[in-house]
Amino acid sequence: MAFASSVCPHDCPSTCALEVELLSPSQIGRVRGAADNSYTAGVICAKVARYAERVHHPERLTQPLLRNGPRGSGQFRAITWDEALDRLAGAFTDATAKHGSESVWPYYFAGTMGLLQRDGIHRLRHAMRYSRQQNTICTSIMESATMAALGSIRGPDAREMAEADLIVMWGGNPVATQVNVMTHISRARKERGAKLVVIDPYRSGTAVVADMHLALRPGTDAALACAVLHIALRDGHADHAYMAEFTDFGPDVAAHLASRGPEWAAAITGLTTAQIEEFAALYCRTERAFLRVGYGFARSRGGAAALHAVLCLPSITGKWRHKGGGALWNQRAIYHWNKTLIEGLDVLDRTTRVMDMSRIGAVLCGDEAELQGGPPVTAMLIQNVNPLDVAPDTNKVRRGFAREDLFVCVHEQFMTPTALQADLVLPATMFLEHDDVYQAGGHSHIQIGRKLIAPPGEARSNHSLICDLAHRLGASHRGFGMSEMEMIDETLRASGWPEAREVIDRRWVDAQPSFEESHFLNGFGHPDKRFRFKPDWAGIGRLGHVMTPMPDHLDRIENPTEAHPFRLITSPARQFLNTSFTETPGSRKREGRPTALLNAEDAARLGATPGARLRLFNTRGAVVVHAEIAQGQLPGTVVVEGIWPSEYFETGIGINALTSDEPAPPLGGAVFHDTAIALEVLEASAQMPLAAE
C-alpha cells in the first residue's frame, strides 16, 4: 500500500512529520514517523501511530444536529447544513441586534495546530467586531516569562540536545508528551555519555529513566533555580565577562541572590541541601548543558517567576556560548508569520474587548470585571476546544453554560461534554481530511498537511464553516472567498517562505536560524540586546506589580492549609492529549481509569490501599478517583494524570472541578498545577468500571 506525507496536527511541540498508509480514498491504515526528517527521525507516539482508531471511529459526528430536548440531555435531531448555517447566522444576528456585536464570542484553541484551521476563526471575529479572546489557557505564562528574560521566543536548535553533555528536563515529561525529545536525549547519552536530570514533583515516565530526579514541592521551582544562581556566584562558576557583554547583571542582582542559598531553597522546595548542591555542581561545571523547559512548572501562580529564574541559569554561567548549551522553550519567533490574511488583521478593530479564555466560567456567569462594562455573552461558536472538561473551575463553567439565554454552536469531531451542552452541533473534519500549514514549537520545521482522504458523512473543515457563515452574515474579507491552499500559499509567500508547491515537494522547510542567532550571540531580543535578570514585570502585564524585578520565588501559590493539606498537580497522561484520544479504545484501555498517585507515607496515614476510592475536594468542587501508591514524590503531593471526560468520574465531573481560574501574574494564565485539596478515603463501593470494559 502507498504511504503519503502528512503532519501531526495536535497540541504538542513535536509537530511530527508523518507517513500515512492510504488504503482507499476514504480509509487509512498505519501511521509512522518520517525517518528522513531530522527531528521526527522516524519516531512518533503510540496514540498517533493508532490514528486509524480515531479517524474511523464509529462515534464520529457526521451530520449537523439541533438540540430538541433539555440542555445537556443529549437529545438532538439531524438537520441539513443549510438549516444549521441559517440558525447559526440568525443567532449571531439576533445577539448583535439585542446587545451589540461584542455579545458574540467565538471561542477556540489548539485542537488543531494548523495555522489556517485553528486561527481562521479570528477573520470572522475581526470582520464582525465580535469579542476577542486572550489565549491564556496554555502558553501565556510561558510567553510572558520568556519575553521578560529573552525578549524573543526562540532558542537553540532542539537537535543540539544530541550534542549536549547534560540535558535538564525541567517541568516536562517527554516520554508522555513529546517523545522525539527522548530520541535526541538517547543519542546524547549513547554517543557522549550525557547525563539526564529531570526536575518534576513526581516520578514521571521521564524521571524513571533519568540519572538524577529532583522531586520538589509543586510551585517551588524558582527557589531551586535561585539557589543554583547563588551557588554559581559563590563557587566561581559565574561568567562575569559574558554577563558584562550580554546581560543587565549588576551588584544589585548579586546582593539579592546572596540570600537565596541552598538552605533557603531546601526549606521551600522540600529537597535536601545536598541534592541542591549536587545538581548545582553538575550544571555549573558542564559547558554543554541544555535546559529543555516544559510547561508543567509554569502552570502556577508563580510560574512566570519560575521560568524567568530558570532562564537566568545559562545567562549567569555563559552557557549560551556553547553548542548543546542554553535553554529552549519554544521556537515561535523564528517563523515570522504574516497572518493578516488568515486572521483578518486588516479589519481588526482594537477597541473591541478582549476576554480571558481561562475565565470562561466567570465570563458566562456575568462577572462584571470580565465583561469590562460590555454586554453579556449570549452567542458562541466553539472550535478546537472542549471547555466543559479542560477549562479551570468546571462547576463555574457548567453554571455559565446552563444559561437558557445563551446560544452555543460547537463544531466538533465527537460528542464531547461541551457539545452535549450545545444548541447546535456541527461535524468537523480531521487533519487528513483538509489542507493546512504547520509550524513546530519544539523544533524548526514548516510543513504542509494535504487532504488525503474524504471526510465521513457531511463533516466540514473549520475554514469551510467560517467562510460559509461569513457569507450568511454579510462579513466582508477576501479570505472568505479563497480556498484552503490559496490561503496557505499566499501566507507562506507573504511571510518570506517558499510557495506552497515547493514546501509540499520538499516536504518541510527548516527555519532554524544560524548558531549565533539561535544562541543570542548577536544579542537578545530586547532593544538593548541584553538578557534581563531584572525584568519589567509591571510593564508586561496588569498583574506584574506583585512580582519581584529579580530572579525570585513568588510565594503566591495555593499553599497547603489545615483544611486543604495536599497539593494537586494534574499532569498529562501518556495516552491522551488534553481530551483528544480519550474517545479511542486503545488509549482508554492503556490508561485504565482516573487515578490519584499518593506518597506511601500519606497513604499509610490515611489508610488508603491500592485501588481505594478517594474523595479529592476543596471549596471549588469534589471528585472521586482510585488510589495508587507511588514512589518518588514528596509527602503532601498528589498527582492525577490526564483530563478524563466527566463521565469517567463517579461525581460526573472531571478533575478541573478542583482547579482555580484565578489568573497568574503578570499577564494571566491557567494555574492547573497550583491546587490545594483535602483527601478522604471512602468505603469500597460504587465502583466505576475500567475504561476498557
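**Entry 1: strand S14 and its partners**

I began with strand S14, which pairs with strand S15 (residues 407-412) in the parallel sense over five bridges; I take two strands as paired if DSSP finds at least two bridges between them, and helices (H or I, at least four residues) and strands (E, at least two) are DSSP runs numbered from the N terminus. The model is a predicted one, in which local features need pLDDT of at least 70 and side-chain atom pairs count only at pLDDT 80 or more, while totals for chains, interfaces and linings use all residues. Residues are numbered from 1 along each chain as its sequence is written, and side-chain values use heavy atoms, with hydrogens and water left out.

I then looked up how covered S14 (residues 379-383) is, and five of its five residues are buried, where buried means under 20% relative accessible area, exposed over 50%, and partly exposed in between (1.4 Å probe, protein chains only). In a regular strand the side chains alternate between the two faces of the sheet. For S14 I noted Ala379, Leu381 and Gln383 on one side and Met380 and Ile382 on the other, all of them buried, which leaves both faces covered.

**Entry 2: the five-stranded sheet**

Next I traced an open sheet of five strands, in the order S10-S9-S8-S11-S12, with parallel pairing. Strand S10 (212-214) and strand S12 (326-328) are at the edges and have a single partner strand each, so one side of each is left without a neighbour in the sheet. From one strand to the next, the twist averages 15°; axes are lines fitted to C-alpha atoms, for helices over the stretch in contact, and angles run from 0 to 180 degrees between N-to-C directions.

Inside this sheet I followed strand S8 (residues 166-170), which runs parallel to strand S9 (residues 195-199) and is joined to S9 by five bridges; Ile167 has Leu196 as its bridge partner in S9. Helix H8 (residues 179-192) lies across S8, S9 and strand S11 (289-293), and runs at about 140° to S9. Helix H15 (residues 303-317) packs on the sheet as well, touching S8, S11 and S12, and its direction makes about 165° with that of S11.

**Entry 3: nonpolar cores**

I counted as a nonpolar core a set of buried Ala, Val, Leu, Ile, Met, Phe, Trp, Tyr and Cys residues joined through side-chain atoms within 4.5 Å. The largest such core has 68 residues, and among those with the most contacts inside it are Val168, Trp170, Ile199 and Phe279. Leaving aside neighbours within four places in sequence, Phe279 is in contact with Val168, Trp170, Val197, Ile199, Met212, Leu214, Leu224 and Val228, contact meaning heavy atoms within 4.5 Å. A second, separate core has 33 residues, including Met357, Val385, Leu388 and Val397.

**Entry 4: salt bridges**

With a salt bridge taken as a side-chain nitrogen of Lys or Arg within 4 Å of a carboxyl oxygen of Asp or Glu, the count comes to 51. Which residue forms a salt bridge with Arg301? I found Asp674, with the closest N and O atoms 3.0 Å apart. The two residues come from distant parts of the chain, 373 residues apart, with Arg301 in the loop between S11 and H15 and Asp674 in the loop between strand S24 (637-640) and strand S25 (675-681). Arg301 is buried at a relative accessible area of 3%, and Asp674 is buried at 0%.

I also looked up Arg359 and Asp661, whose side chains meet in a salt bridge (3.0 Å, N to O). Arg359 lies in the loop between strand S13 (354-356) and helix H17 (360-364), and Asp661 in the loop between S24 and S25, so the pair ties together parts that are 302 residues apart in sequence. Arg359 has a relative accessible area of 12% and is buried; Asp661, at 8%, is buried too.

Asp489 and Arg493 form a salt bridge (2.9 Å, N to O) within helix H23 (residues 484-494), where they lie four residues apart, about one turn of the helix. Asp489 counts as buried at 18% relative accessibility, whereas Arg493, at 45%, counts as partly exposed.
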